[in-house]
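Here's a quick tour for anyone meeting this structure for the first time. Have a look at the sequence and the model, then read on.

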Amino acid sequence: MATVFPFLWTSPVIQLTIPPVEQQTEYWSCGPNAAARLLRFYGHPVTYSQLKAAVVPLFAVPPRLRNPLTNEWAAVRTGVPPRQLQQLLSRWEGDRIRLSHRNDFSQLQALLNRRTPAIALIRVGTLRLSTTYQSPLLHWVVVSGIDPQNQQITYVDTDGQSRTTAIAAFQQQWHFQVEHPLLRTVLTTQQVIPGTLIWRDRP
């Protein structure tokens, strides 16, 4: 049985228009792509390529990891952590950029009701590193709409497509689980935490 969120029934349908940017071209760069879309919503004439180039010095996740099987180092880009993405957006929006973790759905709904899009970190799959070890595949998207009566939410993906999904399904992706305790600890130190949102606060 589908989960129903009764507090949504009195809320209006919100559909925000997020300006287009280039599609994501590198697997690690969903963060700069989503950031470019948010900044363009607020009138900044930025490009995805521009933000992708700007974010490289901000990486906090090690760009090189040692393969335990071969003892060799490999270049890895694991994506832009929340704090670094906030810092990137702040180059254009200053201290109006907010970052918050472990939000519940009412907080996201409140932003949309104020016609404020938000960048959300969601789980889109699983990366199996071995037969016993797996890592969540996480992805930044721009949440742009909500349909309370039909219990649906809309977000703009980094390929430029607007996707609509059930609120309950989105909740599972947004409040993702990290099964391995060591990996959970590592991600938490980078503020990669379920229920993460980044948005521009009102002036």
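R115 sits in the loop that links helix 4 (105–113) to strand 5. In this predicted model, phi of R115 is near 60°, a positive value in a residue that isn't glycine. R115 counts as partly exposed because its relative accessibility is 47%.

With a relative accessibility of 23%, Q191 counts as partly exposed; the cut-off for buried is under 20%.

Now follow the chain to strand 9, residues 197–200. In a regular strand, side chains alternate between the two faces of the sheet. Here L197 and W199 point one way, while I198 and R200 point the other way. Are these residues buried or exposed? All four are buried, R200 included.

Strand 9 pairs with two other strands. Strand 4 (residues 97–100) runs antiparallel to strand 9 and is joined to it by four bridges, with I97 standing opposite R200. Strand 5 (residues 118–128) is antiparallel to strand 9 too, over three bridges, and in this pairing I119 stands opposite I198.

## What's packed inside

In soluble globular proteins, nonpolar side chains tend to be buried together. The largest nonpolar core in this model has 31 residues. I119 and I198 turn up again here: they're among the residues with the most contacts inside this core, along with L51, L85, L88, L89 and W140. Elements giving two or more residues to the core include helix 2 (48–55), helix 3 (82–93), strand 6 (134–147) and helix 6 (181–189). Which element gives the largest share? That's helix 1, with six residues.

There's also a second, separate core of 19 residues, and A118, I146, I153 and W174 are among its members.

V124 belongs to strand 5, and it counts as partly exposed because its relative accessibility is 49%.

T154 has a relative accessibility of 4%, so it counts as buried. Its side chain makes a polar contact of 3.0 Å with the side chain of T164.

Methods: Residues are numbered from 1 along each chain as its sequence is written. This is a predicted model: local features need pLDDT of at least 70, side-chain atom pairs count only at pLDDT 80 or more; totals for chains, interfaces and linings use all residues. Side-chain values use heavy atoms; hydrogens and water are left out. Buried means under 20% relative accessible area, exposed over 50%, partly exposed in between (1.4 Å probe, protein chains only). Two strands pair if DSSP finds at least two bridges between them. A nonpolar core is a set of buried Ala, Val, Leu, Ile, Met, Phe, Trp, Tyr and Cys residues joined through side-chain atoms within 4.5 Å. A polar contact is a pair of N or O atoms within 3.5 Å; within protein, one must be able to donate a hydrogen and the other to accept it, and residues adjacent in sequence count only if both atoms are side-chain atoms.
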